[in-house]
Amino acid sequence: MTPATAGTSAGADAALAAAIRAEAGGIVASLFRLTGDFDVAEEAVQEAVLEALRTWRRSGIPDRPGAWLQVAARRNALDRLRRQQRQQKVVARLRENVTVEEASPDEDERLPLLFGCCHPALAVEARLALTLRAVVGLTTAQIARAFLASEPTVAQRIVRAKRKIVVAAIPMTMPAPEQRAARLDDVLTVTYLMYNEGYVSTSGERGDDRDLADDALWLAGLVATSLPGEAEALGLCALLTLQHARQPARFDRGGRLVLLADQDRSRWDRAAIDSADRLLERAAALRRPGRFQLQAAIAACHASAPSWEATDWPQILVLYDMLLRYDRSPVTRLNRGVALGRVRGAAAALPYVDTLAPELDGYHLFHATRADLLRTLGQADDAATADARALELTRNPAEQMLLRARLAGERAAL
Amino acid sequence: MKYVLMFCDTPSLYDQADPDEAKATYEEIFAWFGEHAAAGRIADGGAELQPVTTATTVKSGTDGPVVVDGPFSEAKEVVGGFTVIDVPDLDAALEMARSWPALKFPGVSVEVRPVVDHSEG
């Protein structure tokens, strides 16, 4: 037993999270294979995860957490099937097959499960919630806290999604070759959303909250390792590794958010940056460019720059122009606007950024970016108005604090 | 696993379609049915519907059913026909829907809905 008695300590919680994450998805997949009932399999594992959180917190993580979870999940699945008073054959199969299977890395059953949970027939929020629960092993309560949503809302989202999977027969299989690229993109998008959800959310008040950014990094690694020939999977893994490498510098000692321009770059994780560079080289060798590789290449430019000013902005602008071929989203165009401002000046960038107003008026970073450009142009009044609008629109406490500080500075300068 | 494919289109966009292309598409649709029927994927050929201008709707009213002119909803898109298919799973159903020849025209969509199976307890 590994003592995890310090229930509130971050280390013990991380160990709990890692132990559950490593096992939960595989057990859902194998129980689904044995029972043929996705809902029963998924609920049984969710219950086992809740039991594990309670028990392991008290008595420590068992030596074989996977075996522990599998035994608990099977017992729960048996109970559920007995209650349904049917599928006697399945009950027998579950009873016989008590030997704990070790997951084999060449045929990871979690991949088909992941592709099923990220099926385009499900709403994006449902894909995210279901992936977190079924593949990554989060509890409904942890998901709700991460999304700042209520537990019943998340629970209902998951119930609806599972009902659709069962009733509409959404297959938990790898997609057909002609759909492979699009479906992989769906999986990677969910993983990316998961990372961003964790990246912006502040550390939870509850001790047992999961670090979604960590979970997403793990998931990106799982996909890239399982599908080594997929350039975009490597690209996303590189991108998230790079973003994570900068994480230690994103907050100062007082817990305040620090923007990329002002970060202490000596605190970036150089080993992680090097490993991301290698991932990106492997991806490039496959000669199938895509949006995640390009975003990773942009992040790599930042990671190798000695300072914000000494960044290779012309190179970044070229990469954004390439990225726009794959991703025309307004947020990508906004980011291109930042690079444009560095290369051709704020006076050239502001009109470009302003064209995005109809699509991005409700997005705080649109107004924060405008404020930045306006400040550079000496229009302090307009900059303050834009920052005030950004402050209104963000619900993230760390971002609110940063914007308030900036506004105080602007008002003092007026 | 049975699904209904509902073939929908947008009448306001009809005049944008080239008549020759529309005629050619009709032939492709026949071929589509032929191919999938031969593969055993069509459980019920369904029906192609007359234009929505010929629709009459019976609605519930406070004093009993009321008969009104027009389709059941005010939506711009209308159902133009349907067919019942029998395939292993949703991916197979979506694959069929994706190959529906009329999808090259704007305003066309195919809704895929699983059918309630009354054979199970």
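Mentor: Two residues are in contact if their C-beta atoms, placed from the backbone, lie within 7 Å. Keep in mind that this model is predicted.

Trainee: How many residues of chain A are in contact with chain B?

Mentor: On chain A, 8 residues make contact with 5 residues of chain B. On the chain A side, the classes are 8 nonpolar, no polar and no charged residues.

Trainee: Now helices. Which residues of helix H14 of chain A are buried?

Mentor: A residue is buried if 20 or more other C-beta atoms lie within 10 Å of its own. In H14(A), residues 313–323, that picks out A:Ile316, A:Leu319, A:Tyr320 and A:Leu323. Look down the helix axis: these buried residues fall within an arc of 100°, so they line one face of H14(A). Their cover includes helix H13 (291–304) and helix H15 (330–344) of chain A.

Trainee: What is the strand order in the open sheet of chain B?

Mentor: Two strands pair if DSSP finds at least two bridges between them. Here 4 strands run in the order S2-S5-S1-S6, with antiparallel pairing. S2 (42–48) and S6 (109–114) of chain B are the edge strands, each pairing on one side only. From one strand to the next, the twist averages 20°.

Trainee: What packs on that sheet?

Mentor: Helix H2 of chain B, residues 90–98, does, touching S1, S5 and S6 of chain B. The direction of H2 makes about 160° with that of S6(B).

Trainee: Where is the hairpin with 6 residues between its strands?

Mentor: Find S3(B) and S4(B). These strands run antiparallel, joined by 4 bridges. One pair is B:Thr56 with B:Asp69. In the turn, B:Gly64 has a positive phi of about 100°.

How values were computed:
Residues numbered from 1 in each chain as written. Chains lettered and ligands numbered in written order. Predicted model: local features only at pLDDT ≥ 70, side-chain atom pairs only at ≥ 80, totals over all residues. Nonpolar A, V, L, I, M, F, W, Y, C, P; charged D, E, K, R; others polar. Helix = DSSP H or I, 4+ residues; strand = E, 2+ residues; numbered from the N terminus. Buried ≥ 20, exposed ≤ 12 C-beta atoms within 10 Å, placed from the backbone. Arc of directions from axis to C-beta. Axes fitted to C-alpha atoms, helices over the stretch in contact; angles between N-to-C directions.
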